[in-house]
Amino acid sequence: MLKKRPLPSYSDGVVGIYTETRTPSSFGAKRNSSVPYDLDALVRLFFRSCSVRDQDYEVSERLGFTCSAKICTHNIQAVKPGMKAVIGATIYGIAHIDRTNTEMYLYLEGGVPYVDAR
């Protein structure tokens, strides 16, 4: 008989993953990547917050970024470092990703609050 494994719980919130808009504005300027409506939505995922351990800080220092937060969610291969993660009214950059077969751990950098100025 197969053993049933409990499914992971992602109950801390929803994260939106975005890519930077490739098309310039109507007058040829680069889009503002600090507001979600100037980004292209890729996927929205439930996540679980993770504590940032000492070895996570060491990895981030070695790779040259500052780890502001770490979250765990389902493994989606389309998510890459350099994309943006929006949690609530805060935009983070995805600096690094650790993957397992079923989950990915996103190391987030920054944390810039935005105001919807449209």
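## The nonpolar core

The largest nonpolar core has 15 residues, and those that touch the most other members are Val15, Ile17, Val79, Ala85, Ile94, Leu106 and Leu108. At least two residues of this core come from each of strand 1 (13-20), strand 2 (39-50), strand 3, strand 5 and strand 6. The model described here is a predicted one.

Apart from neighbours within four places in sequence, Leu108 is in contact with Thr66, Cys67, Ser68, Ala69, Ile71, Ala85, Ile87, Tyr92, Gly93 and Ile94.

The chain contains 1 helix and 6 strands. Read from the N terminus, these elements follow the order β-β-α-β-β-β-β. Of the 118 residues in the chain, 33% are buried. Among contacts in the chain with a separation of 6 or more, 59% are between residues 24 or more positions apart.

## The barrel

The 6 strands close into a barrel, in the order 1-2-3-6-5-4, with antiparallel pairing. From one strand to the next, the twist averages 45 degrees.

Several of the pairings can be followed residue by residue. Strand 1 pairs with strand 4 in the antiparallel sense over 4 bridges, and Gly16 has Val86 in strand 4 as its bridge partner. Strand 3 (residues 69-74) pairs with strand 6 (residues 103-113), also in the antiparallel sense, over 6 bridges. Within strand 6, Tyr107 is the residue that stands opposite Lys70.

Strand 4 (residues 84-87) and strand 5 (residues 90-99) form an antiparallel pair over 4 bridges. Ala85 stands opposite Tyr92 in strand 5, and Ile87 has Thr90 in strand 5 as its bridge partner. The hairpin of strand 4 and strand 5 has 2 residues between the strands, and Gly88 in this hairpin takes a positive phi near 65 degrees.

Strand 5 is also joined to strand 6, by 9 bridges, and the two run antiparallel. Gly93 has Glu109 in strand 6 as its bridge partner. The hairpin that joins strand 5 to strand 6 passes through 3 residues.

His96 is found in strand 5. The side chain of His96 makes a polar contact of 3.0 Å with the side chain of Asp98. Not counting residues up to four places away in sequence, His96 touches Leu63, Phe65, Tyr105, Leu106 and Tyr107.

Thr100 lies in the loop between strand 5 and strand 6. With a relative accessible area of 38%, Thr100 is partly exposed. Leaving out residues up to four places away in sequence, Thr100 touches Asn75 and Tyr105. Tyr105 is also touched by His96. The C-alpha atoms of Thr100 and His74 are 9.4 Å apart in space, while the two residues are 26 residues apart in sequence.

## Cysteines

A search of the whole structure for disulfides finds 0. Cys50 is in no disulfide, and its nearest cysteine sulfur, that of Cys72, is 5.0 Å away. A disulfide is a covalent bond between the sulfur atoms of two cysteines. The cut-off for a disulfide is a pair of cysteine sulfur atoms within 2.5 Å.

Is Cys72 buried or exposed? Cys72 has a relative accessible area of 0%, so this residue is buried.

Definitions and conventions. Residues numbered from 1 in each chain as written. Predicted model: local features only at pLDDT ≥ 70, side-chain atom pairs only at ≥ 80, totals over all residues. Heavy atoms only, no water. Buried < 20%, exposed > 50% of the residue type's maximum accessible area, 1.4 Å probe, protein only. Pairing = 2+ DSSP bridges. Axes fitted to C-alpha atoms, helices over the stretch in contact; angles between N-to-C directions. Polar contact = N/O pair within 3.5 Å; in protein donor to acceptor, adjacent residues only side chain to side chain. Contact = heavy atoms within 4.5 Å. Core = buried A, V, L, I, M, F, W, Y, C linked by side-chain atoms within 4.5 Å.
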